[in-house]
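Hello,

Here is the structure I promised to pass on to you. Have a look at it first, and then read my notes below.

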Amino acid sequence: MEPREKAAQLPDSPGVYIFKDAGGTVIYVGKATSLRSRARSYFLESRWTDAKTGSLAREIADLDTMVVDNPREALALEHSLIKRYRPKFNVLLRDDKTYPYIKLTAAEKYPRVYFTRRVKKDGSLYFGPFFPASLARRILHFIHKRFLVPSCGVDLTKAHPRPCLQYYIKRCLGPCVAGLTTDEEYAQATRDAKLFLEGRRHDLTKSLEERMTAAAEKEQYEQAASYRDLIRTLEDIEERQRIAAVQGDDTDVLAFYAEPPLVAANLFHLRGGRVVDRREFYWEDLEDFESQEFVTSLLRQLYLESDYLPRMIHVPEDFEDRQLLEETFSEKSGHRVEIVTPQRGTKRAFLDLVENNAKHSFEQRFRVLTPNSKAIAEAVQNALDLPEEPRRIESFDISHMQGTDTVASMVVWEAGRMKKSDYRKFIIRGEALNPSPDAAATDATRAQQVSGANTPSKSIEPITLSPVPSELIPQEKVEILPILQKLRPIPPGQNDDFASMREAVTRRYRRLQEEQKPLPSLILIDGGIGQLHAAAEALEALQIINQPLASIAKKEEILYVYGREDEPCILDRHSPVLHLIQQIRDETHRFAVTFHRLRRAKRQTRSALNDIPGVGPLTARKLLRAFGSVANLRRADLESLAKVVGAKTAARLQGQLAKLPASRIGAVAEDALAENETAPESTRL
């Protein structure tokens with residue numbers, strides 16, 4: 001049966017209709033109070049003059065429907081199906097960032113708190129959302145300072161010789177080192193943090209008062225004073241919240257700017273009468289843009305699954321489903337939610353302001369306006385969930401030719417620009433190329449399992465190792481024992497990007513420790529998860545903990561943040577954050593390849609001259625200084641050579657050069673000189 005005929009036979013009931021193309025792919029999902037009337041309207045030729053309806057109708061090959069009891073159920077079902085199928089004719093929410101939450105890892109033996117923008121069903125407790133993002137960070141800082149519950153990435157299943165700096169500055173109880181705290185003390189701190197995050201300030205204050213009294217009775221006056229100070233701080237927070245509550249209702253203001261198919265939208269959050277945060281949204285493929293449907297779809301996707309709804313939502317124009325959305329939002333939130341379009345006064349003026357910001361966002365994203373360094377640093381912080389805006393980023397890459405002439409490079413981005421004076425080169429000496437069995441096992445596993453990483457190209461052959469008594473192996477190593485017994489150390493000179501990355505990172509930050517210099521805001525690794533973990537192992541071996549660390553995988557352009565590898569950051573191709581990371585990555589790669597080519601060229605050039613009888617190191621240097629390359633030497637006439645080394649040597653040299661194969665000379669040496677002329681000034685470590 002044709003879709004037009006199906007539509008004519010639909011019931012006059014509320015429900016959801018689903019249009020499919022000839023391949024069975026869902027191309028549009030909509031809801032209706034009357035399925036028959038709405039579905040039939042798409043096949044009326046009078047509506048085909050509308051760009052979107054005409055384009056959609058030409059692709060409809062099949063029609064499915066779902067009948068529900070009322071329009072609210074239709075709204076919820078439509079939202080669910082759009083999320084499931086992501087049809088190309090529906091407006092899909094595309095956000096550069098999501099709302100910030102605080103995550104309490106309640107399933108761990110020693111729970112920790114983290115800043116996150118992703119809510120997952122992983123057994124953890126999530127609190128939020130918070131506006132602005134800095135509020136969530138301030139709350140985390142408060143928890144660290146007052147409850148001593150950390151946000152670190154330390155593996156608490158392993159024994160550590162000493163705690164990190166956070167313990168010494170009294171921001172953590174130190175569960176990573178045996179004897180620094182007890183399970184009961186840490187559990188109590190976690191309960192206090194949980195009560196605070198849940199907003200149960202009265203229960204928390206009562207518990208603290210009881211502990212303060214008990215500490216005073218035991219003459220533990222310092223502990224009692226700390227409880228007293230914490231109680232006063234909680235009372236101060238409570239008072240500030242009461243003041244903010246009477247200053248004005250919470251309001252969200254939405255506006256957009258469109259030049260189809262490009263659209264930008266801004267959503268401003270007002271809390272207590274003050275702007276506390278904003279979100280930006282972008283679309284590149286809305287060829288058939290309809291403003292009313294756009295607003296409806298955006299509100300539905302923003303608020304139907306939101307944990308918090310404001311009392312007022314301001315939009316630039318009225319739309320058909322406004323009353324239905326108001327009723328649905330009010331029922332969900334437990335308070336009245338109004339959706340209005342201000343016409344005059346200060347509210348209209350603020351809506352115009354948001355529209356101007358949407359236009360500015362459009363121009364900055366699609367007309368390639370360069371954001372200032374402050375804006376780009378803030379964007380990087382939000383995208384990667386960094387604890388602070390990055391002022392300095394150090395990036396590493398490895399370069400080699402089938403395991404030979406392996407080098408590493410480090411480039412620096414600081415205060416909005418590349419800082420070439422701080423670039424560093426590393427000749428990989430093989431300090432980590434004969435790894436411990438643990439490292440070898442880890443690298444071998446990565447080489448076979450990690451997608452997007454630069455994995456070693458040669459396989460590792462099994463050998464027989466002496467058996468190790470199981471009681472001598474730490475519990476966390478027992479699982480990889482079968483792997484360890486099949487591996488051998490990697491011979492020096494073999495390609496091992498992981499070991500090379502470990503060595504470069506170790507040498508760099510060991511020197512910074514020795515010179516007592518500060519660490520960068522972010523360490524960026526060119527590679528996938530394997531290289532990321534290799535760098536993390538190097539930092540952990542140096543007792544550098546809580547250092548922001550990320551990697552960018554080649555081709556896929558996916559960002560992995562250490563500690564959150566299961567939540568990769570995939571940025572829009574127009575994102576200024578992605579452009580910055582790509583710029584740093586590409587510069588790191590260029591610098592590494594330049595240095596590798598230079599070393600390879602020097603080695604091959606030197607080898608070619610050393611094969612000629614009678615030409616020693618001094619003569620070779622004299623010839624290269626005069627002619628620049630072996631290729632130029634081969635092209636030089638006898639008279640020119642004689643001016644440098646004498647007639648007798650020149651004649652012998654010319655004859656020997658003619659016998660050398662072309663692959664040994666020429667292009668490599670010339671590349672060396674070209675690279676040497678263009679390479680920036682730097683220091684080699």
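Helices (H or I, at least four residues) and strands (E, at least two) are DSSP runs, numbered from the N terminus. This is a predicted model, where local features need pLDDT of at least 70, side-chain atom pairs count only at pLDDT 80 or more, and totals for chains, interfaces and linings use all residues. Residues are numbered from 1 along each chain as its sequence is written, and side-chain values use heavy atoms, with hydrogens and water left out.

Let's begin with a loop. Isoleucine 169 lies between helix 6 (165-168) and helix 7 (183-197). Its relative accessible area is 39%, so isoleucine 169 counts as partly exposed (buried means under 20%, exposed over 50%, partly exposed in between, with a 1.4 Å probe and protein chains only).

Serine 399 is buried, because its relative accessible area is 8%. Leaving aside residues up to four places away in sequence, serine 399 touches Asp405, Thr406, Val407, Ala592, Val593 and His596 (contact means heavy atoms within 4.5 Å).

Five strands form an open sheet in the order 9-8-7-10-11, with mixed pairing (two strands pair if DSSP finds at least two bridges between them). At its edges are strand 9 (274-283) and strand 11 (338-340), each pairing on one side only. Strand 7 (residues 251-259) and strand 8 (residues 262-271) run antiparallel and are joined by nine bridges. Leucine 254 has leucine 267 in strand 8 as its bridge partner.

Enjoy exploring!
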